[in-house]
Amino acid sequence: MASTILVGTQWGDEGKGKVTDLISGEYDVVCRCQGGANAGHTVVANGHKFGLHQIPSGVMYEGVVPVIGNGCIVDPSVVLEEFATLDEQGVSYHNLKISGNAHIVMPYHKDLDGANERRLGKNLIGTTRRGVGPCYSDKVSRIGLRMQDMLDEKIFREKLETALAEKNPILEKIYGLPGYTVDQICETYLPYAERLRPYIIESSRYLNEAITEGKNILFEGSQATMLDIDFGTYPFVTSSNCTAGGAITGSGVGPKHIDRVLGIAKAYLTRVGSGPFPTELPQGDEIGELLCEVGHEYGVTTGRKRRCGWYDAVVVNYAARVNGLTDLAVTKLDVLSVLDTIKVCIAYDVDGVRYTTVPEHQSLFYKAKPVYIELPGWKCDISGVRNYTDLPREAKDYIDLIERLSGVPVSLIAVGPDREQTINRHWR
């Protein structure tokens with residue numbers, strides 16, 4: 001038995017979907033543990049490009065059981081949209097499992113998410129407006145509705161009435177938006193329940209029984225370390241724990257069953273939304289624009305253009321510590337092939353003090369100035385390389401530097417978007 005947690009080490013969009021798809025065939029089960037439709041995983045396989053938001057990327061492998069764990073929040077409409085997309089491409093999802101304890105994204109969550117962002121104005125968080133924050137807030141406030149509630153109309157109506165008694169006055173009196181009736185929501189959501197009923201289970205029990213049977217599980221993270229509600233750049237974060245610890249609470253599988261923690265790091269850096277980004281290249285910067293265009297840096301969920309910058313070894317070193325990384329996968333190395341020289345941030349300067357890990361206080365992080373070293377580029381196409389020894393010396397030097405600064409072995413290297421465009425260095 002071998003179980004692995006896969007996590008993002010930066011601000012998301014590192015290529016977790018590609019890596020999950022790449023290694024899913026080694027596992028019997030792939031489980032999403034947190035997040036909702038705000039997560040976008042791009043998978044390219046057999047000439048087809050899929051943008052998945054709710055269903056784990058492991059669905060792309062026949063025989064692999066995809067599980068949406070209890071730590072996730074579920075937008076039933078998005079799940080059904082993905083069913084339709086997978087049907088069109090002939091991809092089966094018949095063995096999908098959805099935790100009955102996962103909370104449901106309701107229409108008022110989306111309304112409140114958008115209204116709050118508008119209220120914040122220039123100080124907005126930069127959410128996807130998919131209702132994620134309000135849904136997790138209701139979970140913690142104990143007025144949320146869970147997937148299992150949809151299966152019993154009486155319970156669903158009772159709990160919905162309690163929730164609306166709180167939400168409608170906020171929508172109507174604070175934001176000037178229309179409220180909802182119980183019947184109005186039931187008319188939409190109860191049919192969802194019947195469509196999804198066959199997939200809703202007690203997922204913690206299922207996962208632990210799978211482990212007892214000797215099956216391998218991949219715990220697939222969404223978002224990333226620097227967006228974690230506790231360890232990220234608060235308040236410009238997501239509303240769940242997307243570090244390795246979140247996989248434990250979000251699945252109901254104990255830590256003694258975890259063998260490896262694989263961190264995903266993009267060979268440069270991007271961020272969507274607001275918040276600090278020490279190595280960000282200024283808007284309009286030639287190299288930043290080049291990275292954006294060559295790397296197709298537009299959000300899977302929102303379509304927003306991503307902010308681009310140089311690789312930040314300080315952030316990845318921090319991620320290695322808080323996640324307990326055993327391996328790294330470096331993605332999009334091929335994008336850097338267009339550059340003559342490449343910068344790597346090895347430390348921060350904060351008012352004359354040098355930091356090699358993320359500063360302990362938010363105010364210090366905002367003032368962090370990157371300390372760079374510059375490496376020569378390789379200026380040749382590496383998208384066809386499959387063996388590490390065949391990479392140009394400059395590319396190998398870059399990977400060796402990433403490995404040394406993080407203290408974690410680089411086991412996988414992606415040199416293109418397709419499943420096959422990967423160098424397996426130390427993985428398995």
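Is E158 buried, exposed or partly exposed? E158 is partly exposed, with a relative accessible area of 44%, where buried means under 20%, exposed over 50% and partly exposed in between (1.4 Å probe, protein chains only). The structure is a predicted model, in which local features need pLDDT of at least 70 and side-chain atom pairs count only at pLDDT 80 or more, while totals for chains, interfaces and linings use all residues. Residues are numbered from 1 along each chain as its sequence is written, and side-chain values use heavy atoms, with hydrogens and water left out.

E158 belongs to helix α6 (residues 153-174); helices (H or I, at least four residues) and strands (E, at least two) are DSSP runs, numbered from the N terminus. Although 24 residues separate E158 from V182 in sequence, their C-alpha atoms are 8.9 Å apart in space.

The pairing of α6 with α7 comes next. Their axes come within 10 Å and cross at roughly 135°, the axes being lines fitted to C-alpha atoms over the stretch in contact, with angles from 0 to 180 degrees between N-to-C directions. The two helices are therefore oblique to each other; angles under 35 degrees count as roughly parallel, over 145 as roughly antiparallel, 65 to 115 as roughly perpendicular and the rest as oblique. On the α6 side, E153, F156, R157, L160, E161 and L164 meet V182, D183, I185, C186, Y189 and L190 of α7, contact meaning heavy atoms within 4.5 Å. By class, this contact has 8 nonpolar, no polar and 4 charged residues. Here Ala, Val, Leu, Ile, Met, Phe, Trp, Tyr, Cys and Pro count as nonpolar, Asp, Glu, Lys and Arg as charged, and the others, Gly among them, as polar.

Helix α7 (residues 182-196) also meets helix α2 (residues 76-88), with axes that come within 10 Å and cross at roughly 50°. This pair is therefore oblique too, and α2 passes α7 in a left-handed crossing. P76, S77, V79, L80 and F83 of α2 make the contact with Y189, Y192, R195 and L196 of α7. Its residues divide by class into 7 nonpolar, 1 polar and 1 charged.

Turning to the annotated site, an unreviewed UniProt entry lists D13 and H41 for "active site"; such annotations may be inferred rather than shown by experiment. D13 lies in the loop between β1 (3-8) and α1 (16-23) and, at 22% relative accessibility, counts as partly exposed. Not counting residues up to four places away in sequence, D13 touches K266, T270, V272 and R306.

Methods: Left-handed = near helix turned anticlockwise from the far one by under 90°.
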